[in-house]
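Please find below a colleague's note, written to be read alongside the sequence and the structure.

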Amino acid sequence: MASPYVACRLRLGRRFSLAKNLRKVETPLKRLVGTNVAAVQGEPLGKDKAGVFLTLSLPDARSSRPLHTVQAERLAQAERSVLISCNPRANEKKFLKFLSRHGDISKYFFYESYGVYAVVEFTNRDAVASLLGEAAVPSSSHEAAVPFKSRLLSLKHRGAAESPLQPSEPQSSIPISQLIRRLSEKETIEQQMVSLTEAYQLTEENTRLRFLVSSLLKNIAAAYFPECNVLPFGSSVNGFGKLGCDLDMILDLDGISGRGENKPRSGLSLEYQLKTANSERAATQSILSVIGECVDEFGPGCVGVQKILNARCPLLRFSHQPSGFQCDLTANNRVAVKSTELLYLYGELDPRVRHLVFTVRCWARAHGVTSSIPGAWITNFSLTVMVLFFLQKRSNPVIPTVDHMKELAGPADKCTIEGNDCTFVSDLSRIHLKSNEETLEYLLREFFEFYAAFPFNKMSINIRKGREQNKPEVAPLHIQNPFETSLNVSKNVNATQLDRFVALCQECSWLLEKKGSDAQPAAAAAGPDVAPSPWGLAALLLPTGVAGVKSRKKRRREPASERIKSLLESLKKNSVPEKS
Ligand code: GTP
Ligand code: MG
């Protein structure tokens with residue numbers, strides 16, 4: 001069978017024949033996976049640790065599908081699925097036999113999150129209805145249960161313990177120290193970047209769980225708005241998500257509001273009588289407010305609900321305990337959905353995009369350039385836009401500008417949201433760029449060099465045009481929002497954080513440029529029993545306190561600090577320090 005990479009080459013032509021050694025790590029969002037208790041289509045390849053049978057995937061046929069098609073398929077899977085808290089003493093075979101009385105199971109897996117959980121997908125929704133019909137409402141003598149029924153269930157096991165259930169791999173990414181060790185064993189920086197992507201990207205199971213949580217939330221919101229939809233967006237679906245990233249969801253009421261429907265021009269017609277709000281924002285706030293109450297009071301597994309309604313984009317934030325996801329639910333946030341689609345397309349265009357974005361995001365996190373806590377840090381979204389901008393700026397661009405993607409758009413791609421033009425081509429085969437043969441290693445080094453010298457004080461980053469422009473307003477870092485062009489996506493970033501980023505870029509560019517024995521793979525020299533010392537990308541991820549905050553001018557004069565030299569010395573000798 002053709003590899004995903006080969007499929008990609010067939011589809012997109014010449015540009016991909018270059019990076020022969022570069023593997024396209026297929027995004028789990030699109031992967032076709034089936035499991036089997038019952039029969040699935042496709043030839044089983046085997047069983048992984050999660051009890052999942054992988055079937056042959058069809059990357060060439062599926063990979064150019066638009067994001068919304070992939071999402072619709074994922075949501076349909078989610079709606080045929082249930083989430084069950086399992087007693088670990090239960091026996092897997094008996095558990096499956098017990099459930100399959102309701103219908104054929106097409107996939108299942110177990111995972112651990114404050115106990116063992118199972119995600120079970122049936123081949124049709126009738127099986128789910130039958131299973132829910134059999135489930136009992138728990139009774140307790142000293143607590144009153146709110147009888148809100150959902151597809152989140154508990155498996156009760158009475159009787160002796162049997163062979164325990166085996167949860168699959170954890171739903172969070174490996175610690176950085178383990179990643180550094182893994183990368184140190186690789187022979188090239190390119191291999192390290194591919195390996196990092198593989199280690200950190202969302203797994204098939206994690207992606208399924210994200211859609212299942214969205215569909216559980218949709219059931220809660222449907223108490224008020226039966227025709228609503230809840231869709232994941234952001235890094236859960238744009239191809240750049242790391243295990244453990246938050247779950248951004250949008251409450252989509254367009255199906256109810258009839259947006260885009262043609263109204264009859266003559267004759268009789270009926271309209272619903274509705275309450276009105278002062279503005280669309282006020283309507284969004286009141287909708288999220290009542291749904292927030294509902295999630296808080298009745299939503300099984302949803303805890304710590306916060307209503308953040310006065311933010312630029314009002315949202316509900318809560319933890320979904322059974323999945324372990326930190327969730328953000330927004331409404332009327334269609335521009336963010338378009339940004340997600342744009343990022344997804346860029347990631348699909350060339351495998352180097354995802355590898356570079358994953359590498360830069362991981363590097364930034366390891367050095368505290370980004371943070372999970374909101375503040376003056378650069379966000380992952382801004383950082384991703386910076387990587388895209390850099391790739392547009394190559395002498396033969398790796399990816400096109402947003403304006404170019406707009407020129408290539410067909411009639412079905414036309415999209416205007418609140419007066420903002422969000423049109424861009426969705427058919428990747430229409431995009432033809434000059435060949436760019438730069439390796440991942442070269443691109444990484446150039447990325448650091450590019451931003452080490454970028455004139456942040458005067459210029460704004462603009463992926464619509466693919467070139468820097470004079471800053472329209474005073475802000476340490478200005479990155480134009482590609483669709484709401486009057487907005488700066490990095491408005492929150494202060495000068496201290498930008499200086500740290502620049503200083504780190506300078507030092508890392510120097511580290512990668514340094515040719516010599518200490519910048520080469522140590523694996524070969526280390527011998528079979530000795531752990532290789534970190535080198536290449538692994539060395540760049542070391543939490544060393546590299547690049548303390550100094551003025552950018554000063555750092556430019558002093559690229560190879562004494563501290564870096566001693567760091568390199570210590571890399572030769574020491575093992576990797578722990579960092580969670
Ligand atoms: P992580 O959650 O950090 O992994 O990345 P993310 O891409 O999901 O970012 P985040 O959760 O902060 O935001 C979710 C999505 O909202 C992003 O992917 C963007 O599509 C969009 N978004 C985030 N920040 C901005 C912003 O400042 N402006 C605009 N227009 N969209 C944003
Ligand atoms: Mg997110």
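The points below take up a strand and its partners, then a ligand and its surroundings, and lastly a single lysine.

1. The structure under discussion is a predicted model. The remarks that follow should be read with that in mind.

2. Burial of strand β5. Strand β5 covers residues 116-122, and seven of its seven residues are buried, so the strand is largely enclosed by the rest of the structure. Val116, Ala118, Val120 and Phe122 point one way from β5, while Tyr117, Val119 and Glu121 point the other way. In a regular strand, side chains alternate between the two faces of the sheet. Residues of both sets in β5 are buried, Glu121 being one of them.

3. Partners of strand β5. Which strands pair with β5? Strand β3 (residues 81-86) pairs with β5 in the antiparallel sense, over six bridges. Within this pairing, Cys86 has Val116 of β5 as its bridge partner. Strand β4 (residues 105-112) also pairs with β5 in the antiparallel sense, here over seven bridges. Phe109 stands opposite Val119 in β5.

4. The turn between β4 and β5. These two strands form a hairpin with three residues between them. One residue in the turn, Tyr114, has a positive phi of about 50 degrees.

5. The shell around ligand 1. How many residues surround ligand 1? There are 16, and the closest are Ser235, Asp246, Asp248, Asn380 and Asn481. The shell divides into five nonpolar, seven polar and four charged residues. Helices α11 (334-349) and α13 (380-392) each supply at least two residues of the shell. Helix α11 gives the most, with three residues.

6. Polar contacts of ligand 1. Ser235 places a polar side-chain atom 2.8 Å from an oxygen atom of ligand 1. For Asn380, an N or O atom of the side chain is 2.8 Å from an oxygen atom of the ligand. Asn481 has a polar side-chain atom 2.6 Å from a nitrogen atom of ligand 1. Taken alone, the ligand exposes 600 Å², and the protein buries 78% of that.

7. The position of Lys218. Is Lys218 buried or exposed? This residue lies in helix α8 (residues 204-221), and its relative accessible area is 17%. Because buried means under 20% relative accessible area, Lys218 is classed as buried. Leaving aside residues up to four places away in sequence, Lys218 touches Glu79, Cys228, Asn229 and Val230.

Note on methods: Residues are numbered from 1 along each chain as its sequence is written. Chains are lettered from A and ligands numbered from 1 in the order in which they are written. This is a predicted model: local features need pLDDT of at least 70, side-chain atom pairs count only at pLDDT 80 or more; totals for chains, interfaces and linings use all residues. Side-chain values use heavy atoms; hydrogens and water are left out. Helices (H or I, at least four residues) and strands (E, at least two) are DSSP runs, numbered from the N terminus. Buried means under 20% relative accessible area, exposed over 50%, partly exposed in between (1.4 Å probe, protein chains only). Contact means heavy atoms within 4.5 Å. A residue is near a molecule or strand if one of its heavy atoms lies within 4 Å of it. A polar contact is a pair of N or O atoms within 3.5 Å; within protein, one must be able to donate a hydrogen and the other to accept it, and residues adjacent in sequence count only if both atoms are side-chain atoms. Accessible areas come from the Shrake-Rupley method with a 1.4 Å probe; for residues, only the protein chains shown count as cover. Ala, Val, Leu, Ile, Met, Phe, Trp, Tyr, Cys and Pro count as nonpolar, Asp, Glu, Lys and Arg as charged, and the others, Gly among them, as polar. Two strands pair if DSSP finds at least two bridges between them.
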